[in-house]
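Subject: Structure handover and findings

Hello,

Here is the structure for you to look over. Please open it first, then read the notes below it.

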Amino acid sequence: MESHLTPTPNPQPDSPETETPALSRRLVLRTGAVAAAAVPLAGALAAPGAAQAAPETGGGTTEAAPVAAVVPGPAKLRWLDGPPTSSIGATFGVPWPRGGHQPGTEFWARVGHDAVPLDSWPLAYWPDGTLKWTGHAIGANAALTDELEIHRGRPTKPPRRIAVTETSAWLEVNTGVIRTRVMKSGNFLIHSINRGQKKLASEGKLVLLLEDRTHEENGGLKTVEYAGTATSVEVERLGDSSAVILVKGTYNGKNNRKILPFTLRLYFYLNAESVRLVHYFVFDGDHKVDFVKGLGLTWGVPMVSDEVHNRHVRFVSTEGGVWGEAVRVMSGLRRDAGSAVTTAQFNGVATPPVSAWPSGVRSEIDDVPIWNDYKLVQASPDAFHIAKRTGAHSTWLDHAGHGKRAAGLGYVGGVSGGIAFGLKDFWQRFPTQLDIRNAGGYNTTATVWFWSPDAPAMDLRHYDNKRHGLNLMYEEPGRGIDDIAATPEGMARSHEVTIWALDATPSRDRLVELAREVQQPARIVPTTAYLHEQRVFGEWGLIDKSTATRTTLENSIDASIAYYQGQVDQRHWYGFWHYGDVMHSYDNSRHAWKYDEGGMAWQNGELNIDMFLWYQFLRSGRSDVFAMAEAMTLHLAEADSYHAGPFAGLGSRHNVVHWGDGAKEARVSASILKRVYHYLTADERTADYMHHMLQVDQTLLRVEPLRQILPPPTAPTRVRIGPDWTAVASNWLAEWERTGNTHYRDLLLRGMQDIGAMQYGFFSGFAGAVGFDPATGALTTEGTEFRDSYNLMLLFGGDQFLYELVELLDVPAFKEHLVKFALYVNGTAAERTALYGRNFGPGTFNQFYSRMLAWVGKQRSDNTLKQRAWTGMGPNNGNFPPVQTISGTTTLTPVDYAPGVSTNDVGQRGLTVIQLLGLAPEQAP
């Protein structure tokens, strides 16, 4: 049967702009429908909490006062890197003002004077049930201009729409150009990809190779193969312009062992000749035994209609170069085949018939070898090589091609059609590999290796067999869980693959365009002005260089980001698990980052350099900042966060090995760190990740943050109000706003009410720790009244989260305590004594907490407080030091060095300057 989502009912009768927009006489691009309700999102593993399709608002005065009814204007959007020449389709998110659009509202897109077909669905709701964020998709090659607006109103209907046919055994998606059949069970997940009547790909499957080291001492290493096997396949979302197929499963091997639960999504866009795949796995193996030797996606390419001299293999470099050869190369022979043959072969078009070739070539064509197998191996971020051979019986010619960085795009096919395929972040996440086998036969295979089987096996063991202390190595010892603390069990990693089914070998210029789409996908984002107008994600301001002071501060922000972008490349912070992260601390003697010193190596999101990047993107719209923030968010959400296992829902503190530190923290895995990326891109993968983090509520019953410092709590467990409760509460907020599930709103309310009832509010509890009941969200003081020690309350996104929270839910006592905290955390001893009856040490970072004074100043329209905020930051804290170049015998290669810089300070300093410029721009010194 053929299935399709029913379009959303028309907007409410009193909603304006409900009529279909007038169209120009230009060709109307294919359309999309509005999804009827939020689709429940789930990850590879079950997590607590059931999603609801529509929000419930709840009664009483618990929600912030409703805003007046508004009639929003259109959302204004643009292409992140400027309008592309082509696009495989695009998915993106759009924010809306509170009270502006009811659930079920329809939207249409305008480009200039034309209407563009559009899919729409809810991403998040305001507390009153109105739409907070919506997701949208447009078809291939639609809206290739920056004049894009989203309006309320009935979407344009297309002459045809994307369609899904379903049987008990498979789902088939028809984009209008290609048909892709996805099997509901078994190992061959992608049964086929057809273009017209021609099958161009078949039997696509996920493959895992594990290295068995049981008899390693006797040289007995062997590889065991596992195949990705589907346990569920469903249509997750379907509109007129796009469709998403969701596959879940495990890798199954010998003795029916199941390992590495995976989630695979296939994205289809109307009129596209491609399918985009997003795959992630959760590691649930034994890191002391399970060494991944290869992980990838492989499929067949039927080669039955083209002679071997009209079959072609292509690879692309990041410099825009193309390595391209025929399977049987006819150029360079001792007898010239003629320019008609060699030029056609070089360009990938059909050669003249063999009967028209020179007789001396034609009669001995079988003497020319057929090159069956090819591979491109990116073994490091600075070197790849291309090799080919005639078959398994022969040696590899591993000098066929060399380069620094491959774009991750390959092609295999004939003049009558073939498959182009690409892996995003190919060289950045080395070791990777592209394989083509049996190109001269009838059943060619192509493989994208996420982990190259030519590389040493993945080793997830810790860097030492003992723990190291905080005093010298800044490494948490494990707090009573040393035997399991350095486990990667529960970590995840994702990969994005695009496959094009082409009706001919593409030109070399076209291949470069496809490679660019793989490495830097064409994205649509709201304009910075529109994002600021909607006041998304708390407090920040647009870039303003109207004064010398503001120019200096803005230039300092730019300089700090440029420095870290350069360090990523100079220091080679790349690799399967590493890409997206930066280092924590610098060793001035070695002129190297402390890659080998305990808790001073990888940053793991400590003090929110990731949030600094996102807020700078929101205000600047820079695509290079987006790319760095995206990589960091995915790394933090995957390689630093536990999606399953004994620490499910927690993240791992910074260490030499990403998951190696003994401290497991909710602040590392919190949903607040994923929300910006998720809502801007409508990325379902990060929705899964946020949902997984809800498991932390139960994990905290077993892994209490201060279990080695304080006696057992009388409550079920204990958390610090910040950063633990703020992190956990951000998970609840994300789930409530995405699904409307009021259970999570109620958990938020209970915590806010309990903090509001505490005599000392955010200063309550020793080290800020209070009793916590995950079942109800209740917080208790546990008999320890004062926070009188180290304070990390707001250095992990807590301030921006709380700014949002007090606007969403109306708990006056909670907001009053937040204001008091902002006023007195940097106050004097006399001020704290006057308010609370005694002085205490808040243990704060004065220059960073000063930004909260500006927030209170805005709340009260108090310029004196705003001025105090800038003063508290200090005169030089906004400046980035001049960068020096270190060379000669001091270092292995020349490197840039910024004296005194630490990543912690850069992240927090950047966030402070951005917040102060947004809240108190006129008081800038």
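The notes below go from the whole protein to single strands, helices and residues.

**Ground rules**

This is a predicted model, in which local features need pLDDT of at least 70 and side-chain atom pairs count only at pLDDT 80 or more, while totals for chains, interfaces and linings use all residues. Residues are numbered from 1 along each chain as its sequence is written, and side-chain values use heavy atoms, with hydrogens and water left out.

**The whole protein**

The protein has 20 helices and 38 strands. Both are DSSP runs numbered from the N terminus: helices are H or I with at least four residues, strands are E with at least two. Of the 925 residues, 63% are buried. Buried means under 20% relative accessible area, exposed means over 50%, and partly exposed is in between (1.4 Å probe, protein chains only). The accessible surface comes to about 32,500 Å². Carbon and sulfur atoms hold 52% of that surface. Areas come from the Shrake-Rupley method with a 1.4 Å probe, and for residues only the protein chains shown count as cover. Among contacts with a separation of 6 or more, 70% are between residues 24 or more positions apart. Contact here means heavy atoms within 4.5 Å.

**Strand S16 and its partners**

Two strands count as paired if DSSP finds at least two bridges between them. Ile245 has Leu266 in S16 as its bridge partner. The S15-S16 hairpin has 5 residues between its strands, and Asn255 in the turn has a positive phi of about 55°.

S16 also pairs with S17 (residues 274-282), through 6 bridges and again antiparallel. Phe262 stands opposite Phe281 in S17. This hairpin has 4 residues between the strands, and Asn271 takes a positive phi near 70°.

**The S34-S35-S36 sheet**

Three strands form an open antiparallel sheet in the order S34-S35-S36. S34 (717-720) and S36 (778-780) are at the edges with a single partner strand each, so one side of each has no neighbour in the sheet. Neighbouring strands are turned by 40° against each other on average, direction ignored. S35 (residues 769-773) joins S36 over 3 bridges. Gly771 stands opposite Thr780 in S36.

Helix H13 (residues 721-739) lies across S34, S35 and S36, at about 100° to S34. For such angles, axes are lines fitted to C-alpha atoms, for helices over the stretch in contact, and values run from 0 to 180 degrees between N-to-C directions.

**Helix H19**

Which residues of H19 (residues 863-873) are buried? They are Leu865, Lys866, Ala869, Trp870 and Met873. They cover an arc of only 145° around the axis, which puts them on the same side of H19. The arc is that of the directions from the helix axis to the C-beta atoms. Thr864 and Thr871 are exposed, on the face turned away from the buried side. The buried residues pack against helices H6 (548-570), H16 (812-824), H18 (846-860) and H20 (903-919).

Asp862 caps the N-terminal end of H19, with a side-chain oxygen 2.9 Å from the backbone nitrogen of Thr864. Just after H19, Gly874 takes a positive phi of about 95°.

**Two buried loop residues**

Glu606 lies in the loop between strand S31 (592-593) and helix H7 (609-620). It is buried, with a relative accessible area of 6%. Its side chain makes a polar contact of 3.4 Å with that of His654. A polar contact is a pair of N or O atoms within 3.5 Å; within protein, one must be able to donate a hydrogen and the other to accept it, and residues adjacent in sequence count only if both atoms are side-chain atoms. Leaving aside neighbours within four places in sequence, Glu606 also contacts His584, Arg667, Phe796 and Asn904, among others.

Ser87 is in the loop between strand S2 (75-79) and strand S3 (90-95). Its relative accessible area is 5%, so Ser87 is buried. A polar atom of its side chain lies 2.9 Å from the backbone nitrogen of Gly89. Ser87 touches Trp79, Ala140, Asn141 and Leu144, not counting residues up to four places away in sequence. Ser87 and Ala272 are 185 residues apart in sequence, yet 8.5 Å apart in space, C-alpha to C-alpha.

Best wishes
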